[in-house]
Amino acid sequence: MSTTRIARQGPGGLTPEQRAKIFKALSDERRIDIVDSLAKHGSQCGTQLAEELGISIALLCHHWEVLVEAGLVKKERQGQLRICTLNAERLAEATGTWNTKPPAKGTKVKLPAKAPSKPGARKKPVAATAPSRTKGLTKSVKRATKA
C-alpha cells in the first residue's frame with residue numbers, strides 16, 4: 001500500500017515542511033543575531049555583519065547559507081562585496097496566521113471537558129518516591145572503609 005503525502009498549504013501558502021525549514025534555520029542563536037541585525041540596520045555586507053557580531057567571515061558564510069536556503073535572507077553580489085538583505089515577508093509568511101495577540105484581560109481560558117470516568121474504575125495509587133538504591137550502596141561503602 002503506498003502512502004501519498006498531500007502538500008498542505010499553511011499560512012502565506014507555505015507547506016508545513018517549508019515552515020519547519022524556516023524555524024530550523026532560526027534555531028541557532030548566531031542566525032537569530034544575524035536576522036536581528038539585518039532587521040535593525042537593514043542590508044549589510046559580510047564584513048560589517050561579521051565585525052558587528054564578533055564572528056569570522058567563514059562562520060558568517062556558513063550561517064548565511066542556512067538562512068538563504070530557508071528563504072529568510074537574500075544575498076547579492078556587488079563588486080567584491082556580498083550584500084545580505086532580510087526577507088521579512090518570508091518570515092511573516094511562516095507565522096502569518098498565528099494569533100500573536102495575548103488574550104484580553106479577564107478572558108477565561110477554555111479547558112477541555114473532563115472525560116467521564118468508567119463506572120467501577122479505580123484510580124491507581126501513585127508512589128510517593130522512587131525506590132531507594134542507596135541502602136545497598138552505603139553498606140558497600142562502610143565495608144570498603146573498614147578494610
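In this predicted model, 3 strands make an open, antiparallel sheet in the order 1-3-2. Strands here are DSSP E runs of at least two residues, while helices are H or I runs of at least four, both numbered from the N terminus. Two strands pair if DSSP finds at least two bridges between them.

**The sheet**
- Strand 1 (44–45) and strand 2 (73–78) are the edge strands, each pairing on one side only.
- Strand 1 and strand 3 (residues 81–86) run antiparallel and are joined by 2 bridges.
- Cys 45 has Ile 83 in strand 3 as its bridge partner.

**Helices on the sheet**
- Helix 2 (residues 29–41) lies across strand 1, strand 2 and strand 3, at about 85° to strand 3 (angles run from 0 to 180 degrees between N-to-C directions, with axes fitted to C-alpha atoms, for helices over the stretch in contact).
- Helix 4 (residues 57–69) also packs on the sheet, where it touches strand 2 and strand 3, and its direction makes about 120° with that of strand 2.

**Helix 1 with helix 5**
- Helix 1 (residues 16–25) packs against helix 5 (residues 88–95) at an angle of about 120°, and their axes are 10 Å apart.
- From helix 1, Gln 18, Arg 19, Ile 22 and Phe 23 meet Arg 90, Leu 91, Ala 94 and Thr 95 of helix 5 (contact means heavy atoms within 4.5 Å).

**Reading the numbers**
- Residues are numbered from 1 along each chain as its sequence is written, and side-chain values use heavy atoms, leaving out hydrogens and water.
- Local features need pLDDT of at least 70 and side-chain atom pairs count only at pLDDT 80 or more, whereas totals for chains, interfaces and linings use all residues.
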